[in-house]
Amino acid sequence: MPYELALKCSALPLGVITVSGRQVLSIACGRSPSPETLADLKFASDKEVRVESVPGEIIEKAIFFAYHRDDEKLKSAAARIQSAENSDEARGKVTTRNSLPAFAAPSGESAQFLQALIEYAISLGASDLHIVPRLDGTRVMLRVDGELLSKDDSVCNLRHHEQIIQRLKVLCALDTSQHKLPQDGAFAVPLKTCAQHVRVSLMPTVHGEKAVLRFMGCEGQIGLQSLGLEANIINPIQDFLDRGEGLLLCAGPTGSGKSTTMYAIMAELARRNLSLVSAEDPVELMVEGVAQTSINEKVGLDYPTCLRSLLRQDPDAILIGEIRDAQSARIAFQAALTGHLVISTVHARNVFDVLLRVRDLGVDALSVAQALQLVLCQRLLPKLCERCRVIDLQASNELGFAAYKRVGCAKCDYSGYSGRSLATEMLHMKDEVATAIGQGRVGRDDLLKLLDSASFVPLQDSVSVLLRAGVIERGDGLT
């Protein structure tokens, strides 16, 4: 069944069965088919049709996965672009680094291959897509469940690579004539049920521009409850939001989901009819109800300038993409001290390092003690595939509870993993802790003496919960 007909009819073929010597096609439908739809399905399949009713939201996602998670479709797109390469060579066209070809139209092989590649990456649940120019052509790599998977062979030559990069620049409204400086942008991929937001980073290399696409998720599909946080972390976050003032800092390595957590918190605030603003570099995901501003240092709109203006916009809550210098740190803490909710990120390995990092940025101890309410430090750990995971006898005997390990099956593409789980460390600034920080005592050993289970959740506790639930295997991440 063609993809367009499947979308039109909200129908997905399941298989062919034989009934009384006749072949019958079993089809899942998201809605009761009309007589015209049934006629279209019978004509397209040349078989009798039996309809199975399936919830609409499930069938839409299943159709996208079925038609775009197909290796053969991606190979076909790669074959077309390689066929075009051979045709160009037969006509005597020579590729040089100094003669940039005209941008390929959306109907061209390069644009079609890029579309197929992006849809393939989305269907696999990839977090990042790398398009890397090398001497022998373009290599493609996908990061799925935290693991970087690469295709051994080049998918096209450098001339078509430049056309792919040009197409990305057009999608992101970037400068198509600039090839020697890094550029960043974003665009959205329209899906049936939502718009998938993609952040693009371009970096010049010796063989051309390397592109990394990060898939940020779909607009309107982030919720605080969907993050998978435990109650002992969700409750302090809710208390922070109810308080209506103060600063929440998220920390963790690149790709640990800090932005997703911040967006989920802002989406929660958006339901409370508040004035919400953000300063981000760049805006990664649109959140309904939030006035989002993208930093543009080229025109003088840096974090300090943007934040000073946002404070005059009568905001109730402010999202700051990252506290990266002393000036933005001072403004963020000042905003939190003057009755605003402020949510931001900072680079640190754990919650105690956050305190040291803030001190290094020049924020005085008293401001930290009065403004900082909550610190989260998180990691994303690979989640075991529920279909093929098996009991790990050795780990179960050593740990005293049922532990699982990965195997691999068709559902998880034989990796043993399916998705990732969030492990979070939390520091809740209770009175005793705030007093110690105000006195300049920010060392881990000093603070641990004052902490209890209500004010501090170690990262290892969150990992242990996932391990006991059979979500991760021992040895993954921090276990």
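**Close-up 1. The largest nonpolar core has 45 residues, and Leu372 and Ile437 have the most contacts inside it.** A nonpolar core here is a set of buried Ala, Val, Leu, Ile, Met, Phe, Trp, Tyr and Cys residues joined through side-chain atoms within 4.5 Å. Buried means under 20% relative accessible area, exposed over 50%, and partly exposed in between (1.4 Å probe, protein chains only). Helix H10 (residues 326–337) supplies the largest share of this core, six residues. Helices (H or I, at least four residues) and strands (E, at least two) are DSSP runs, numbered from the N terminus. The model is predicted: local features need pLDDT of at least 70, side-chain atom pairs count only at pLDDT 80 or more, and totals for chains, interfaces and linings use all residues. Residues are numbered from 1 along each chain as its sequence is written, and side-chain values use heavy atoms, with hydrogens and water left out.

Close-up 2. Leaving aside residues up to four places away in sequence, Ile437 touches Leu355, Ala365, Val368, Ala369, Met429, Val442 and Leu447. Contact means heavy atoms within 4.5 Å. A second, separate core of 34 residues includes Ala77, Leu117, Leu142 and Ile165. In soluble globular proteins, nonpolar side chains tend to be buried together.

**Close-up 3. Cysteines in a structure that holds zero disulfides.** A disulfide is counted as a pair of cysteine sulfur atoms within 2.5 Å. For Cys250 the closest cysteine sulfur is in Cys377, 9.4 Å away, and therefore too far for a bond. Cys250 counts as buried because its relative accessibility is 0%. Cys412 is in no disulfide either, with the nearest cysteine sulfur, that of Cys409, 3.8 Å away. At 6% relative accessibility, Cys412 also counts as buried.

**Close-up 4. His130 in strand S4 (residues 128–134).** The relative accessibility of His130 is 11%, so this residue counts as buried. Beyond residues up to four places away in sequence, His130 touches Arg139, Val140, Met141, Leu148, Lys210, Ala211 and Val212.

**Close-up 5. Helix H3 (residues 56–68) crosses helix H5 (residues 109–123) at roughly 125 degrees, with the axes coming within 9 Å.** Axes are lines fitted to C-alpha atoms, for helices over the stretch in contact, and angles run from 0 to 180 degrees between N-to-C directions. H3 and H5 are therefore oblique to each other; angles under 35 degrees count as roughly parallel, over 145 as roughly antiparallel, 65 to 115 as roughly perpendicular and the rest as oblique. The crossing of H3 past H5 is left-handed, meaning that the near helix is turned anticlockwise from the far one by less than a right angle. Phe64, Phe65 and His68 of H3 make the contact with Glu119, Tyr120, Ile122 and Ser123 of H5.

**Close-up 6. Asp152 in the loop between strand S6 (147–150) and helix H6 (158–172).** Asp152 counts as exposed, at 62% relative accessibility. Its C-alpha atom is separated by 15 Å from that of Gln82, 70 residues apart along the chain.

**Close-up 7. Positive phi at Ser20 and at Asp145.** Most residues other than glycine have a negative phi. Ser20, with phi near 55 degrees, lies in the loop between strand S1 (11–19) and strand S2 (22–29). Asp145 has a phi of about 55 degrees and is placed in the loop between strand S5 (137–144) and S6. Ser20 counts as exposed at 73% relative accessibility, whereas Asp145 counts as buried at 15%.
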